[in-house]
Amino acid sequence: MQFTRESADSADLRTLAAELDAELLERYGADQAQFTPHNALASLDAVVIARTDASLVGCGAFRRHDAESVEVKRMFVRRTHRGSGAAAGVLAELERWARELGFTRCVLETGVRQPDALRFYAKMGYTRVDAFPPYVGNTLSVCLGRAIA
């Protein structure tokens, strides 16, 4: 599997993000609309795409959260490749890239209707943190974080 660093204007990112959005709509229905403004691809500073020789596998990205932290966004692996290590590879590359840029922490938001994501992030060393804007008070959100330095 290859993990490539790309920009927010990646056509492959747009393809995978559309699939992610469709899956989130299945899980959250109309509730998902409140998250759409926070998932703009143009706001992303760094993108990692996972591929095999034959196919597009998954993606992840980050944007600056504060002086020390990045917020991981748009983590997604196609159903056909789940369990392949793709998500762990994407996240590891995002964390490596963030460290190279001088960041020492990653934070992220996922949802209560994504137990698979919650298990994955726990396995990767992420723990619950106080909700951060714009997720403060949102009962569908779970905010997580991890030191990367």
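The report below goes from the chain as a whole to a single side chain.

The model is predicted. The protein chain contains three helices and seven strands, which follow one another along the sequence in the pattern β-α-β-β-β-α-β-α-β-β. Its radius of gyration is 14 Å, close to the 15 Å given by the globule rule for 149 residues, so the chain is as compact as a globular protein of that length. Along the principal axes, the C-alpha trace spans about 45 × 35 × 30 Å. Of the 149 residues, 45% are buried, and among the contacts with a separation of 6 or more, 68% are between residues 24 or more positions apart. The chain exposes about 7300 Å², of which carbon and sulfur atoms supply 53%. It carries 19 positive and 19 negative charges, whose mean positions are 4 Å apart.

Within this fold, lysine 73 belongs to strand β4, which covers residues 69-77. Is lysine 73 buried or exposed? Its relative accessible area is 5%, and because buried means under 20%, lysine 73 counts as buried.

| Partner of the lysine 73 side chain | Distance |
|---|---|
| Side chain of tyrosine 135 | 3.1 Å |

Leaving aside neighbours within four places in sequence, lysine 73 is in contact with both of these residues, His38 and Tyr135, and also with Asn39, Leu44, Gly60, Ala61, Phe62 and Arg63.

Terms used. Residues are numbered from 1 along each chain as its sequence is written. This is a predicted model: local features need pLDDT of at least 70, side-chain atom pairs count only at pLDDT 80 or more; totals for chains, interfaces and linings use all residues. Side-chain values use heavy atoms; hydrogens and water are left out. Helices (H or I, at least four residues) and strands (E, at least two) are DSSP runs, numbered from the N terminus. Buried means under 20% relative accessible area, exposed over 50%, partly exposed in between (1.4 Å probe, protein chains only). A polar contact is a pair of N or O atoms within 3.5 Å; within protein, one must be able to donate a hydrogen and the other to accept it, and residues adjacent in sequence count only if both atoms are side-chain atoms. Contact means heavy atoms within 4.5 Å. The radius of gyration is taken over C-alpha atoms; the globule rule is 2.2 Å times the number of residues to the power 0.38. Accessible areas come from the Shrake-Rupley method with a 1.4 Å probe; for residues, only the protein chains shown count as cover. Lys and Arg count as positive and Asp and Glu as negative; His and the chain ends are not counted. The place of a charge is taken as NZ of Lys, CZ of Arg, CG of Asp or CD of Glu.
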